[in-house]
Amino acid sequence: MRSSSSVSLAGGRGPGSVRLSSPPACPLTAPVDAALEYLMVKKDFQAALDTCEKGLESLGTFAEQEDSSFKYAELKAALTIVGIQALAELNQWRGVLSWVLQQYGETEKIPAKIIQMCILLYVKVGERAVMKHAVCDWLHCSGNMSQSGFSSVAELYFLHILVPMGHTAEALEMLETDVGRVAFTDEQRQAARSLVDIQNEKNATSSTNPETVAVTTTTSASKQDKLTQRLTSIMRLLYRGLSVASVRIRSISLRRVFLALILLYLLLVRIDPALPSAFPWLLRLHGLLQQTWNTMFGPYYKANSRS
């Protein structure tokens, strides 16, 4: 019986003429290898996507000729996965689901691992709603319940789509259907119910807190507005007063102005004129004020009287 084709004869029958040769590469896996090289090594994502699309087109004839549908499904899934990664790198993630549907025709026919990739991709970009109906249809297809990744798809759908989107009632309903009973054990379903209860409490808290925060914010904003208006009016009065004073007393030092203000404060605020002991202080303050007045405004009035 002859040996396999991995051993080839060349030249003669002597021992030196026999050599081992590597098995030829399968032409069907060549697009996958080329696409991976473009994606991982050359970082040419558009070339990787084009290679995947050409490889998927060539698989159409292979499906008709080859009896092994398993190998065809694996090659198709591999090219689709590389294509999804290329689309994500090209920032064309919005078209991932439609592109996958072009390859498989119907949502129910998409393999579980590709559905998982799509869920994680759209969750990462914050577009959970895009996958909600597609995954729901996929889970309720009886033919997909026998797939090895059915439980993982149901878990991702529950944790990353239904609960974060606030569809807690639908999440609880899912646990009681055939999907929940097939995908989860009794302990897992109980843990899922507890998770939904926690999420409902968070939703109730978040729905009440914004009102309180809004009222507090409005009250503080109104107080701040009133305070701002008062400060603005005071600053305008000070500005006007300083403008007039700057015209009249340009040559007067700031120290003398400050002294006059202190004297006025003591006279009008701190000293009660009704007290007997306040009379000597009033006389003394009157003399100081008169001296300060003459010093500050005396030259101004003299200049005006001469003019």
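Here are some questions and answers about this predicted model.

Q: What makes up the secondary structure of the protein, and in which order do the elements run from the N terminus on?
A: The protein has 12 helices and two strands. From the N terminus on, the elements run β-β-α-α-α-α-α-α-α-α-α-α-α-α.

Q: Why is Ala35 called buried?
A: A residue is called buried when its relative accessible area is under 20%. Ala35 has 0% relative accessibility, so Ala35 counts as buried. Ala35 sits in helix H1.

Q: What is Ala35 in contact with, once its neighbours within four places in sequence are left aside?
A: Ala35 is in contact with Ala48, Thr51, Cys52 and Val82. There is also a C-alpha separation to look at: Ala35 and Gly55 are 20 residues apart along the chain, and their C-alpha atoms are separated by 9.1 Å.

Q: Why does Leu36 count as partly exposed?
A: The label partly exposed covers what lies between the 20% limit for buried and the 50% limit for exposed. Leu36 has 35% relative accessibility, so Leu36 counts as partly exposed. Leu36 is found in helix H1, which covers residues 30-41.

Q: Which residues form a nonpolar patch on the surface with Leu36?
A: The patch is formed by Leu36, Met40 and Val41, and together they have about 290 Å² of accessible area.

Q: How do you know that the buried residues of H4 line one face of the helix?
A: Start with the list: in helix H4 (residues 96-104), the buried residues are Val96, Leu97, Trp99, Val100, Gln103 and Tyr104. Seen down the axis of H4, these buried residues fall within an arc of 160 degrees, so they line one face of the helix. After H4 comes Gly105, with a positive phi near 85 degrees.

Q: What makes up the largest nonpolar core, and which residues have the most contacts inside it?
A: The largest nonpolar core has 55 residues. Those with the most contacts inside it are Val96, Val100, Ile114, Ile119, Val135, Leu139 and Met174. Leaving aside neighbours within four places in sequence, Val135 is in contact with Ile115, Ile119, Val153, Tyr157 and Ile161. In soluble globular proteins, nonpolar side chains tend to be buried together.

Q: How many of the residues in the protein are buried?
A: Buried residues make up 28% of the 307 residues.

Conventions:
Residues numbered from 1 in each chain as written. Predicted model: local features only at pLDDT ≥ 70, side-chain atom pairs only at ≥ 80, totals over all residues. Heavy atoms only, no water. Core = buried A, V, L, I, M, F, W, Y, C linked by side-chain atoms within 4.5 Å. Buried < 20%, exposed > 50% of the residue type's maximum accessible area, 1.4 Å probe, protein only. Contact = heavy atoms within 4.5 Å. Patch = residues over 30% accessible without salt bridge, like charges linked within 9 Å, V, L, I, M, F, W, Y side chains within 5 Å. Areas by Shrake-Rupley, 256 points an atom, 1.4 Å probe, with all protein chains shown as cover. Salt bridge = Lys/Arg side-chain N within 4 Å of Asp/Glu carboxyl O. Helix = DSSP H or I, 4+ residues; strand = E, 2+ residues; numbered from the N terminus. Arc of directions from axis to C-beta.
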